[in-house]
Amino acid sequence: MAEIKKVGIVGCGLMGHGIAQVVATAGYDVVVREVDDATLQKGLGKIEKQLARAVEKGKSTQEDADAIRARLNGTTDYADFADADLIIEAITENLGLKLEMWKELDAIVKPDAIFATNTSSLAVIDQAASTSRPTLFAGLHFFNPAQVMKLVEVVRGVTTTDETFDAVLAFAESLQGKIAIPTRDKAGFIVNRLLVPYMLDAMRAYEEGVGSIAEIDAAMKAGAGHPMGPLTLADLVGNDTTGAICDVLFDEFRERRFAQPPILRKMLSAGWYGRKAGIGFYDYSGDEPVENPGLAR
Ligand code: CAA
């Protein structure tokens, strides 16, 4: 197994751009891939904005920000991953799409490179088993916003060897400010197993009229010390992502606590995916978010 120097990241969206920034900040060479140039430039633009903000705030020097940016290369071509030592996938939470992607990458990336998935809920083994390198496969689960949240869950699949696991754990620990916590390959790992039912319960509480969207959020901030309320959080995570995660958890455990509440199903049909769509539990089109009026209809 090669020493990790170059990291390929698949996806430069909500999670991928943050992961790319964090990994480049830690001194690794990064190549991040998107499906087309416009999407890639959007993701790279977000990173550049964050780097510029860090300089403005005096949290980073211009020299350091430039060095981080210089370590980051964008591509639309998987061929640029051929000599990467570690690949982290951060694409849509859809097993079919992930399997297609690994199939393509498996044929291109050098055989001793490690593959890691940033899946929020899918079993690591289901992806590992589709590649020719199930022993070199693990989970590296980052949290949104990846630049800020300290945790990385490091997931040991049933086929992950000790050597692979130790290498990805050491990699996660090498990322500045991150806390790496090992977990076993159980759907939802530690955080989403606990966090997703909490967000779904907040949706049910809203449906049952316990409080308004803003009241439920304000109550959990003021009453439980959470940095943001559960419905604001659902909008941050993306209601589409939360929907995909709870479908996986429900399929796995068949427990009501993981089932999509009707309000979530309707929001997904309406395209109200949250902050990234400009509308979710809140409407973000004005200066300040306001409760989505459509939900009261
Ligand atoms: N990208 C990069 N940096 C960001 C950011 C983003 N999207 N959002 C906020 N930040 C930075 C800000 O620039 C600011 O940095 P400085 O301290 O250097 O100024 C810092 O974070 C704090 O931001 P704000 O002052 O704007 O706001 P805040 O204090 O309310 O913090 C928050 C924002 C960090 C998002 C905080 O509200 C929080 O921790 N919320 C909970 C988030 C959470 O639970 N995430 C996990 C979601 S679950 C998940 O991701 C797993 C999954 O699989 C679905």
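Tutor: Exposed means over 50% relative accessible area, buried means under 20%, and partly exposed lies in between (1.4 Å probe, protein chains only). This is a predicted model: local features need pLDDT of at least 70, side-chain atom pairs count only at pLDDT 80 or more, and totals for chains, interfaces and linings use all residues. Residues are numbered from 1 along each chain as its sequence is written, and side-chain values use heavy atoms, with hydrogens and water left out.

Now turn the helix over. α11 spans residues 262–270, and I263, L264, M267 and L268 are buried in it. Looking down the axis of α11, these buried residues fall within an arc of 135 degrees, so they line one face of the helix. The arc is taken from the directions that run from the helix axis to the C-beta atoms. An α-helix has 3.6 residues a turn, so residues three or four places apart point the same way. Helices (H or I, at least four residues) and strands (E, at least two) are DSSP runs, numbered from the N terminus.

What does the buried side of α11 pack against? Its buried residues pack against α7 (191–207) and α10 (239–253). Contact here means heavy atoms within 4.5 Å.

Look next at the two ends. G271 follows α11, and its phi is positive, near 80 degrees. R254 is exposed, with a relative accessible area of 57%.

F189 sits in the loop between β8 (179–184) and α7. F189 has a positive phi of about 50 degrees, although it is not a glycine. F189 is buried, at 5% relative accessible area.

Another loop has a cis bond. The peptide bond from N144 to P145 is cis, with omega near 0 degrees. P145 is placed in the loop between β6 (137–142) and β7 (151–156).

N144 brings us to the ligand. 18 residues surround the ligand, and K57, K59, H141, N144 and N192 are the closest. A residue counts as near if one of its heavy atoms lies within 4 Å. A polar side-chain atom of K57 lies 2.5 Å from a ligand oxygen atom. For H141, a polar side-chain atom lies 2.8 Å from an oxygen atom of the ligand. For S120, that distance to a ligand oxygen atom is 3.0 Å.

Finish with the rings. The whole structure holds seven aromatic pairs. One joins Y78 and F81: the centres are 5.9 Å apart and the planes are at 50 degrees, so the pair is tilted. Rings of Phe, Tyr and Trp (its six-membered ring) pair if their centres lie within 6.5 Å; planes under 30 degrees apart are stacked, over 60 edge-to-face, the rest tilted. Y78 is buried at 7% relative accessible area, and F81 is buried at 0%. W102 and F115 form a stacked pair, 4.6 Å centre to centre, with 20 degrees between the planes. W102 lies in α4 (residues 95–108) and F115 in β5 (residues 114–117), so this pair ties together parts 13 residues apart in sequence. W102 and F115 are both buried. Ring pairs also link W102, F115 and F137 into a cluster.

Terms used
Polar contact = N/O pair within 3.5 Å; in protein donor to acceptor, adjacent residues only side chain to side chain.
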